[in-house]
Amino acid sequence: MMKRSGRGKLLPVLAFIIFSVFVWAAMQAFTDTGFHNSGEKAESSSEISAVSGRTMNDTSETAETTVPSIEYQGHVQNIGWMDWVENGETSGTAGQALRLESLRIRLTDISGSVEYRSHVENIGWTDFVRDGAVTGTEGRFLRIEAIEIRLTGAAADLYDIYYRVHVEDLGWLGWGKNGGPAGTAGYGYRCEAVQIVLAEKGGSAPGPTERVFLEPGIRYQSHIQNIGWTDWVNNGETSGTTGRDLRLEAIRVSLVNVAGGIEYRTHVQDIGWTDYVTDGVTAGTEGLGLRTEAVEVRLTGDASERFDVYYRVHAQNFGWMDWACNGQPAGTAGFGLRTEAMEIVLVLKGGAAPGSTARPFAENKPVSRRGPMVALTFDDGPYATVDARILDLLSEYGGHATFFVAGYRIGEYPDTIRQICSQGSEIGNHTYSHTNLTKLSSSGIRDELSKTDQLIMDLTGKRPALIRPPEGSYNTTVINSIDRPLVLWSVDPSDWETRNASLTISRVLDHVQDGDIILLHSLYTSTVDACETIIPELAARGFQMVTVSELMEARGASFDAGSVIRCVRP
Ligand code: ZN
C-alpha cells in the first residue's frame, strides 16, 4: 500500500525541496554560461513541478504544513483492485490485454474534492462520484473506455488535475485536464491503465495534450441546387434540404479518427452510377443542373472491420427512405426523382441499425416483354391509408399497378395521386361521382369523365389513358361517348364484398394466369392485408406486376376508342 500520512512525508519532501533548489541553482549557472537557452530551462522546471505535484513557489508554505497528493487505484480484469498509487504513477496494466473495469480516486491533505466518472462499455457515461467512491463496474466484465476527473473547492483553486489513459491498440493518449474526457468512445477499445497528476494552477501540462479523447466520426457535405456546398455536418445530422424542392447534386464524405478508408458514388441523372471516389473527393456534378438519384457508401481497410456505415436519403415524393448499409444503394432509380438530403452514421460492427432497413432503395424497372405479367387494379380510391401501403409493397417487390380513381375523392388525397404517378404506377379514370354510366346521356358520360381527367391532369400533368366504368357497366352509348379503351377484368375476388383477406388471397392466387387483370379496391384494409401475401407471391412466381397500359403496350393490345379490355394473353 502506498498510502502515507502527510506528516510522514515531511522529511522526504524537505530533502526533495533542498535538492530541487540545488538543481535549479546549478541550471541557472549553466544558463548563464550559455549551455541552455531560456525555453529549455522553462520546460525543465515545469516538468518537475507537474510530475511531483509541488512547485518551487510552494516551498515556504509546504515546508511548514503538508503536501497535497492525488491517489488512485484501478480495478483490472483478472486481477481485481490494484494497490493505491499517487501523483503520476501508473495504475493498471499495459500490453496485457486486460481491461480497466473501475477506478477510485482521492485527495489527501487539501480541502476540496475530486469528482470523476467513467464511460463504460454498453452503458456510456456514468454519474459523477467523489473522494474514493467507485466509478465503473465490478464483476460485470465491462471495460472503461474513457474517464473525466475534476477538482472542487480549494483544490480547484490551487491545482489543475491532469490525467491520461493507456488504450488498447493506441497506447498512451494525451493528457486531459479538469473534467475534459480522456480515452475513447465508440470504438470498443478498452482502457488498460491510468495516470493522474496534480499540477500548479495555470502551469504546463505534464506532457502532450493532443489526442486526448477520440471518437470515431463521419463528416459529409452536399452540393444543393441554388445553394452550392453546404457546411460539413457529422454523424447522422442532415445534409441538404427537405420540403424545398431542391435537388442534391453532389456529395463529399470523410472519416474522422478512424483508420481505413471510405468510398462512395452517386447515381446521376442522364449519367448513371459515377465511379467510386474516396475520402473528401466530390461524387456527382456541380453546375450541370443534374440531380443525384441514389448514393452508395462503403468502408475499406480497418474501418470496414470495425464499423458498419449506414446512410439514407430524402427522395422526392418518397420522403426519408430506410437506411442502407455498407455499399447498398440508397435512393431511387428509374423514376426520375431527385434526392434532396442525406444522413450518414457509423455504427460499431454488428451493432443496431439507426432505424428501419426495409426499403432503402426503390427501382422502377422497365417492363420486359418476356415472361408472365399481371395487372393489379385498385378501384374507388384514392385512399391514402390503403394506397400508401400498396405502393410500399409494389416498390419493395418491384412492381406497378393501376389505380382507377373517383374524381370526387381526389381533392382529399392529392399527395396520394402524385405518389402513385411518381412511383411509375398508373392513374385511370373511374368517373367523377362513381355513377353507373349506362344511366347517363352521352353528354352526362363525357362530363363525368372530363371533370376527373382535369383533376388528375392538374396534379400529374397526364391525362389518364384508360377508363373503368363503375360496376363494369357499359352499353353502346357509353362506347360511342368515349375516346379511350374501357378496362374491365378477368379475376374478381370480390374483396369489397367479403372484406376477408384470406379469401381474397386464395381467389387471386388460385386463378391468376399470364395476362390477367385483377379487380381489387382501395377502400378496405382487408384488401391491402391480402396484398401483403399476393404481391410477394406473384413476384416469387416470376410475374411482372405491370400497369394495364404497360400490359397492353407489351402485348400490342388496341388503345382505340371503345375497345374493351378484360385481359391481354401472350
Ligand atoms: Zn368502382
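Asp 109 sits in the loop between strand S5 (100-108) and strand S6 (113-120). Helices (H or I, at least four residues) and strands (E, at least two) are DSSP runs, numbered from the N terminus. The phi angle of Asp 109 is near 65°, a positive value in a residue other than glycine. With a relative accessibility of 32%, Asp 109 counts as partly exposed. The cut-offs are these: buried means under 20% relative accessible area, exposed means over 50%, and partly exposed lies in between (1.4 Å probe, protein chains only).

Before we go on, note that this is a predicted model, in which local features need pLDDT of at least 70 and side-chain atom pairs count only at pLDDT 80 or more, while totals for chains, interfaces and linings use all residues. Residues are numbered from 1 along each chain as its sequence is written, and side-chain values use heavy atoms, with hydrogens and water left out.

## The whole protein

How many helices and strands does the protein have? There are 14 helices and 39 strands. Of the 570 residues, 52% are buried.

Contact means heavy atoms within 4.5 Å. Among contacts between residues at least 6 apart in sequence, 68% join residues at least 24 apart.

## Around Arg 211 and Phe 213

Arg 211 also has a positive phi, near 50°, in a residue other than glycine. Its place is the loop between strand S15 (191-200) and S16, and Arg 211 is partly exposed at 48% relative accessible area.

Phe 213 belongs to strand S16 (residues 213-214). Leaving aside neighbours within four places in sequence, Phe 213 is in contact with Trp 125, Ala 146, Pro 181, Ala 182, Gly 183, Thr 184 and Ala 185. Take Ala 146 as an example: 67 residues separate Phe 213 from Ala 146 in sequence, yet their C-alpha atoms are 7.6 Å apart in space.

A cis peptide bond joins Gly 381 and Pro 382, with omega about 5°.

## A buried arginine

Arg 484 is in the loop between helix H10 (476-481) and strand S36 (486-487). This arginine is buried, with a relative accessible area of 6%. Not counting residues up to four places away in sequence, Arg 484 touches several residues, among them Asp 453, Arg 463, Leu 466 and Asp 560.

The side chain of Arg 484 has a polar contact of 2.8 Å with that of Asp 453 and another of 3.0 Å with that of Asp 483. A polar contact is a pair of N or O atoms within 3.5 Å; within protein, one must be able to donate a hydrogen and the other to accept it, and residues adjacent in sequence count only if both atoms are side-chain atoms.

The largest pocket has a volume of about 260 Å³. Of its 14 lining residues, the closest to the centre are Cys 421, Ser 425, Glu 426, Ile 427 and Lys 462. On a 1 Å grid over the protein atoms alone, a cavity is a set of points where a 1.4 Å probe fits but cannot get out, and a pocket is an open set with protein on both sides within 12 Å along at least five of seven lines; lining residues have an atom within 4 Å of a point. Grid points are joined across faces, edges and corners, and a volume is the space filled by probe spheres set on the points.

The structure also holds three cavities of 30 Å³ or more. The second largest cavity has about 60 Å³ of space, and H6 gives the largest share of its lining, three residues.
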